[in-house]
Amino acid sequence: MTSTIPIGVTVNGVDHEFAEPLSVRELLTRLELPCQGVALAVDGAVFPKSRWDEPVARGWTIEVLTAVQGG
């Protein structure tokens, strides 16, 4: 019997666990977060949109950042 180790990540300060692998884009969709007009940081470094189809790695800390107008 093979058991799958859950993938645990933190998104915007909230811990999440997923039973199966998923891409960054799938993660955003599953958490009902926008995929447009946002930037991502993974473990404090910018994560370019060109990499959003890559699988999420166990233990990542992800911040979803939106631009805010102000002055």
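Thr-10 is found in strand β1, which spans residues 7-11; helices (H or I, at least four residues) and strands (E, at least two) are DSSP runs, numbered from the N terminus. The model is predicted, and local features need pLDDT of at least 70, side-chain atom pairs count only at pLDDT 80 or more, and totals for chains, interfaces and linings use all residues. Residues are numbered from 1 along each chain as its sequence is written, and side-chain values use heavy atoms, with hydrogens and water left out.

Leaving aside residues up to four places away in sequence, Thr-10 touches Asp-15, Trp-60, Thr-61 and Ile-62, where contact means heavy atoms within 4.5 Å. With Asp-15, the side chain of Thr-10 also makes a side-chain polar contact of 2.7 Å. A polar contact is a pair of N or O atoms within 3.5 Å; within protein, one must be able to donate a hydrogen and the other to accept it, and residues adjacent in sequence count only if both atoms are side-chain atoms.

The sheet comes next. Strands of a sheet pair through backbone hydrogen bonds, either parallel or antiparallel. Here, 5 strands form an open sheet in the order β2-β1-β5-β3-β4, with mixed pairing; two strands pair if DSSP finds at least two bridges between them. The edge strands are β2 (14-18) and β4, each of which pairs on one side only. On average, neighbouring strands of this sheet are turned by 35° against each other, direction ignored, the axes being lines fitted to C-alpha atoms, for helices over the stretch in contact, and angles running from 0 to 180 degrees between N-to-C directions.

Strands β1 and β2 run antiparallel and are joined by 5 bridges, with Glu-17 in β2 as the bridge partner of Gly-8. Between β1 and β5, which run parallel, there are 2 bridges; Val-11 has Ile-62 as its bridge partner in β5. Strand β3 (residues 38-42) is joined to β5 by 5 bridges, and these two strands run antiparallel. In β5, Leu-65 is the bridge partner of Ala-39.

A search of the whole structure finds 1 aromatic pair. The rings of Phe-47 and Trp-60 have centres 5.4 Å apart and planes at 65°, so the pair is edge-to-face (rings of Phe, Tyr and Trp, the last by its six-membered ring, pair if their centres lie within 6.5 Å; planes under 30 degrees apart count as stacked, over 60 as edge-to-face and the rest as tilted). Because Phe-47 lies in strand β4 (residues 45-47) and Trp-60 in the loop between β4 and β5 (61-66), the pair ties together parts that are 13 residues apart in sequence. Both Phe-47 and Trp-60 are buried (buried means under 20% relative accessible area, exposed over 50%, partly exposed in between, with a 1.4 Å probe and protein chains only).

The whole-structure search also finds 3 salt bridges, each a side-chain nitrogen of Lys or Arg within 4 Å of a carboxyl oxygen of Asp or Glu. Arg-30 pairs with Glu-20, the closest N and O atoms being 2.6 Å apart. This pair links distant parts of the chain, with Arg-30 in helix α1 (residues 24-30) and Glu-20 in the loop between β2 and α1, 10 residues apart. Arg-25 and Asp-53 meet in a salt bridge at 3.0 Å, N to O. Arg-25 lies in helix α1 and Asp-53 in the loop between β4 and β5, so this pair ties together parts that are 28 residues apart in sequence. Asp-53 counts as exposed at 56% relative accessibility, while Arg-25 is partly exposed at 29%. Arg-51 and Glu-54 form a salt bridge at 3.1 Å, N to O.
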